[in-house]
Amino acid sequence: MSAQDGMLHAHIDPMWMHVVLQDRGVRYGTLRTLAEAWGDSRQRVVEALDALAAVVDEGGPAWDAAVEDVEADLQFDEAEVELTHVDAYRLADELAAAAALTMSARREAAEAPEVIAFPHQHRGEVA
């Protein structure tokens, strides 16, 4: 899977606490695999999804095992993305920019550790 179409991005979450890595390519690949399997055997897809639905509330090892079974049965590709060097540098820049905006990074960078600098505030000064 290629990231040349810009499916892989990083940004800061609305609470400014975490960096969010967004990978639409893996989702597209998953839906494509499901659609192809559906075209081959609707019953097999329904049975695989029923198996997931049966353990969705359990989570943990039961969910992990069911996911692995579905991936194997429906022949999912590995959830990986190939990056060109240009995309790798772009993503690295996005990750670094988003990481610098998190509250923990701002707290560490503030002159007074107890003061959290929000974007509309100057360094260490509370508006």
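Modeller: Gladly! This is a predicted model, where local features need pLDDT of at least 70, side-chain atom pairs count only at pLDDT 80 or more, and totals for chains, interfaces and linings use all residues. Residues are numbered from 1 along each chain as its sequence is written, and side-chain values use heavy atoms, with hydrogens and water left out.

Biologist: What is the mean pLDDT of the protein chain?

Modeller: The mean is 82, and 82% of the residues reach 70 or more; pLDDT is the predictor's confidence in each residue, from 0 to 100. Helices (H or I, at least four residues) and strands (E, at least two) are DSSP runs, numbered from the N terminus.

Biologist: Why are α2 and α3 called roughly antiparallel?

Modeller: Their axes come within 9 Å and cross at roughly 170°. Axes are lines fitted to C-alpha atoms, for helices over the stretch in contact, and angles run from 0 to 180 degrees between N-to-C directions. Angles under 35 degrees count as roughly parallel, over 145 as roughly antiparallel, 65 to 115 as roughly perpendicular and the rest as oblique. The two helices are therefore roughly antiparallel to each other.

Biologist: Which residues of α2 meet α3?

Modeller: Arg 44, Ala 48, Ala 51, Leu 52 and Val 55 do, and their partners in α3 are Ala 62, Trp 63, Ala 66, Val 67, Val 70 and Asp 73. Contact here means heavy atoms within 4.5 Å. By class, there are nine nonpolar, no polar and two charged residues. Ala, Val, Leu, Ile, Met, Phe, Trp, Tyr, Cys and Pro count as nonpolar, Asp, Glu, Lys and Arg as charged, and the others, Gly among them, as polar.

Biologist: Why does Gln 75 count as exposed?

Modeller: Its relative accessibility is 61%, and exposed means over 50%, buried under 20%, and partly exposed in between (1.4 Å probe, protein chains only). Gln 75 lies in the loop between α3 (60–73) and α4 (85–101), and has a positive phi of about 60° although it is not a glycine. Most residues other than glycine have a negative phi.

Biologist: What makes Trp 16 partly exposed?

Modeller: Trp 16 has 26% relative accessibility, so it counts as partly exposed. This residue sits in the loop between β1 (8–12) and β2 (19–23), with a positive phi of about 65°.
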